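I want to look up a few residues, then the charge pairs, then the overall numbers.

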Amino acid sequence: MSWWATAPAFASTVLVFFGPGLLVLAAAGVRRLSLAALSAPLSMTIGSCLAVVLPFVGVAFNPVSYLVFSLCLAAAALLARRLLQRNDSAGLAPVRRFGDVALVDNRAMPREGLPRWITRLLVPVAVAFPAVIIGGRYIAGFGAPENFSQTFDNVYHLNAIKHIAETQNGSALSLGNLTDASQAFYPAAMHDLMALVVMMTGTSVPVAVNVGTIVLGALVWPLSCVFLISRVIGYRPIPLLAAGVLCAGMSGFPYMMVAFGVLYPNHAAIALLPAALGLVVEALGMTPGRRRSFSVSAGLLAVAVVPGLALAHPSTLLALLAFAGPVVAARAVREFQGHRSGTAERSRPVLWGILFVLYAGVTLVAWLKVRPSLAFAPWTPFQTNARAIGEVLGSAPMGATTAWVLLILTVAGIYVAARQFRDMWWILMMFVIGGVLYMIVSSWSLGWFRTFMTGVWYNDSFRLAALLPVVTLPLAVLGAEWLTGLLRRIGKPRTAGEPAPDRSAGSSPVARTRRAVPRITSSPITAAAVVLVLGVGTQGGTLSGVQNRMEEVFALEEESPLLTTDELALLQRVPDLVPADGVIVGNPRTGASLVYALADRRTVAPHIFGDRTDAEQTLLDHWDEAGYNVSVCDDITREGALWALDFGDQEIVPGDEPYIGLRALEDGSAPGISLVAEEGDARLYRVEACTES
C-alpha cells in the first residue's frame, strides 16, 4: 500500500480530529489562530466524553452519533452567543460574545514593517514548516502505511481500537484490558477518535493509527505550540514563526513517544498540552499586551479542553497543573505588587492569594491520588545530575545528541527572561519545574521522594523527557526573537538625535519587556528568514537517534520482536480459514493476540495483561488437552475457541507465568487437534475432538 492511497484516511482523520471542535468554536464566534489551534483539543473532549456517556443511554458510539452530538453542541453554542449578544445590546448583561474578546485574535497582527501579505502568511508558514518536517519524518520512520510498532504496548493499542470499532463502545470507564473480566478505567480519547476513522473508512487499524499519529504530531502539535507562544510571549510575527519552526526540532516530542513504548496516549495528550496551558495563561490575564483581568471566555475554553486532555492521558493533566502553578502564582504576585504600589485599579491580593493556596491544595491532592500502579514500573535512574541538567538545557534528553541551535536559543531566552525577571519569572519557573522533574527521575536515587515526584509517570524518564519541549519552547522563542533583533542591529548604532530608550520607573511592564528584546527596526523579512534558517538548523544530527529508533521499531522483518514476516503472513490468511464467529487461543506475549486487530477474529487474551475468567485461563493453560480432558472441551465449546495460533516461544515481554496450553502442539503429541495452516514456524491449529458428535 502506498502513502498516496491513504489520502481518504487522512481526510477522514482531519475531519474527525478537527471537525466537531471547529463547528462548536465557529458557532461561538472564535476565529483565526484560536479556531484552528483549539479545534482538535475540543474535538478530543467531545469524542471521549461522548463515548463515556452513550453507554448509559444505550446509544452506539459511531460516526453518526459523533456528528449529531457535535451539531447539537454547535447549535447550542450559536444560540447562547445570540442570546448574549441580544442581552448585551439591550444593556441587560455586561457580557461580551466570544468574537469580541482577545481570545479570537481578531486584532490585526503587529506588522513590524512587514508587508501585509507576508504578515498574513507567517502563521500558516509557522504551521506548514513543522507539518512537512514532522510528517516526513513519521512517514520515513513508519516505512509503509500498514506497518506497526513492534513493541508490547501496541498489542493493547491496536486491539483497543479494533474493540471500540467493533463494539461501538469507547467508554474510558470500562475499556480496561478489553475483556468483560478486566473492565476498568483506561484513557481512551485517542483510541476513540481513531476507531471512528476505522468505522468511517473501513481502513485497517494500523493504517488508521499511523495516519492519526501523523495528524497529531504534524498538525495538532504545531498549532498547539503556536497558540501557546501567542499567549505566553504575545501575538507577534517573529515569535509565532519561531514557535512553529522550533517545535519540529525537539527530539523529546513528538518523536520520542512514537519511537519508545509505543506510547500513543501520551503522544496524543502532550500534543494538546501547549494549547491547554496557553488557555490558562490567557484566562489568568498573563498574556503580554492584552487586558489584564480574568478572561471568562478563555477560562470556559480551558474547562472545555481539560476533559479531553485527561481522557487522552491523566498524567498530562498533572503536568498541566504543575506547569500552570507558576502562572497562578504570578497572577497573585502581580496583584500584591499592584496593591502595594497603588498602580492597579482593582487589585485583589487577598482573593488571589486564597485562590493560589486552593490551587496548590488541589494540585497536591491530584498528585497523590491520580497515579497509576507501579507494579509495572521498572525504570531506574541512569545518569548523574550534571548530565541531566545538560540534557535539559541542550534539548537532548535520554542521551540524544546536543541540539546546539536549541541550546543557544534556550540560554538566550533564559537571559532575556532574567533581564525582565519581575514580569517573566513564571516562564522560567515552568522550565525549572519540567527540568527538575526530569532530573529527579533520571538521576536521583530510588526512594519515596523520587516516587512521590515522578510516580505519576511510572518513574519513567522517557515520559518526562517528552514534556520538556512544552516548557523549553517559550524560552527558545524568546531567544530566537532576541537573537534576530541583535543580529540585525549589529553595525547600526543610534543616529544623532535619536532619543534613548525610556528606562524610567514609570514605564509599563509590557514596554520594559519588549525593550529587553531588540526590536525589529528595518528589513524584517531578514528576521523571518533567520528564524527559518534556525529551524532548519535544528534538523541536524539531534533527531537522528529517535529517527533511527522509529525505523527500527516499525520494521517488519524475519526476526521482528512482536510479529515476524511469517507470523503476519499467517494472520493475513486467518479470515479465510476461521469463520467470523470463531475465537482463537494464543499466547499474547508472542503477538498472536494481534489476530484481533489485524485479522478481525476474536481472541481469548486480547492484551498481554488483564484478569481472566476461569474458562479463559483454562483455555490458555490446557487447550492442547482437549482430546482427553472433558472439562477443557466443555470450555472450548462454550467459548467457541476451536482454533489456536502457535507462534513459538519468542515473547516480546517474558512473563513470570508461561502460557502452557499450546506446548504439546508442535510435536504433534496432542490428540484430537489438527494443523490447519502454517507459514514458517507460525502455525494455526483446530481442535477436532470437541466437534465430533
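I started at histidine 607, which sits in the loop between strand E2 (602-603) and helix H25 (614-622). My helices (H or I, at least four residues) and strands (E, at least two) are DSSP runs, numbered from the N terminus. Before going on, I note that this is a predicted model, where local features need pLDDT of at least 70, side-chain atom pairs count only at pLDDT 80 or more, and totals for chains, interfaces and linings use all residues. Residues are numbered from 1 along each chain as its sequence is written, and side-chain values use heavy atoms, with hydrogens and water left out.

Is histidine 607 buried or exposed? It is buried, at a relative accessible area of 7%. I use buried for under 20% relative accessible area, exposed for over 50%, and partly exposed for in between (1.4 Å probe, protein chains only). Setting aside neighbours within four places in sequence, I find histidine 607 in contact with Val155, Tyr156, Asn177, Pro588 and Arg612. Contact here means heavy atoms within 4.5 Å.

**Salt bridges**

How many salt bridges does the structure hold? I get twelve. The criterion is a side-chain nitrogen of Lys or Arg within 4 Å of a carboxyl oxygen of Asp or Glu. As a reminder to myself, side chains of opposite charge can pair when their charged atoms come close.

I checked arginine 387 and glutamate 391, whose side chains meet in a salt bridge at 3.3 Å, N to O. Both lie in helix H14 (residues 385-393), four residues apart, which is about one turn of the helix. Arginine 387 is partly exposed because its relative accessible area is 44%, while glutamate 391 is buried at 6%.

Next I looked at arginine 573, which forms a salt bridge with glutamate 679, the closest N and O atoms being 3.1 Å apart. Arginine 573 is in helix H23 and glutamate 679 in strand E4 (residues 673-679), so this pair ties together parts 106 residues apart in sequence. I logged both as partly exposed: arginine 573 has 32% relative accessible area, and glutamate 679 has 23%.

Aspartate 635 and arginine 638 came next, with their side chains meeting in a salt bridge at 2.4 Å, N to O. The two lie in helix H26 (residues 630-639), three residues apart, about one turn of the helix. Aspartate 635 is buried at 11% relative accessible area, whereas arginine 638 is exposed at 57%. I also noted that Lys162, Asp600 and Arg601 are joined into one network by salt bridges that share partners.

**Glutamate 558**

I then went to glutamate 558, in the loop between helix H22 (544-553) and helix H23 (565-577). Glutamate 558 counts as exposed because its relative accessibility is 63%.

**Whole chain**

Last, the totals. I count 26 helices and five strands in the protein chain. What share of the 693 residues is buried? Buried residues make up 57% of them. Among contacts with a separation of 6 or more, 75% come from residues 24 or more positions apart. The chain exposes about 27800 Å², with carbon and sulfur atoms supplying 62% of that. Accessible areas come from the Shrake-Rupley method with a 1.4 Å probe; for residues, only the protein chains shown count as cover.
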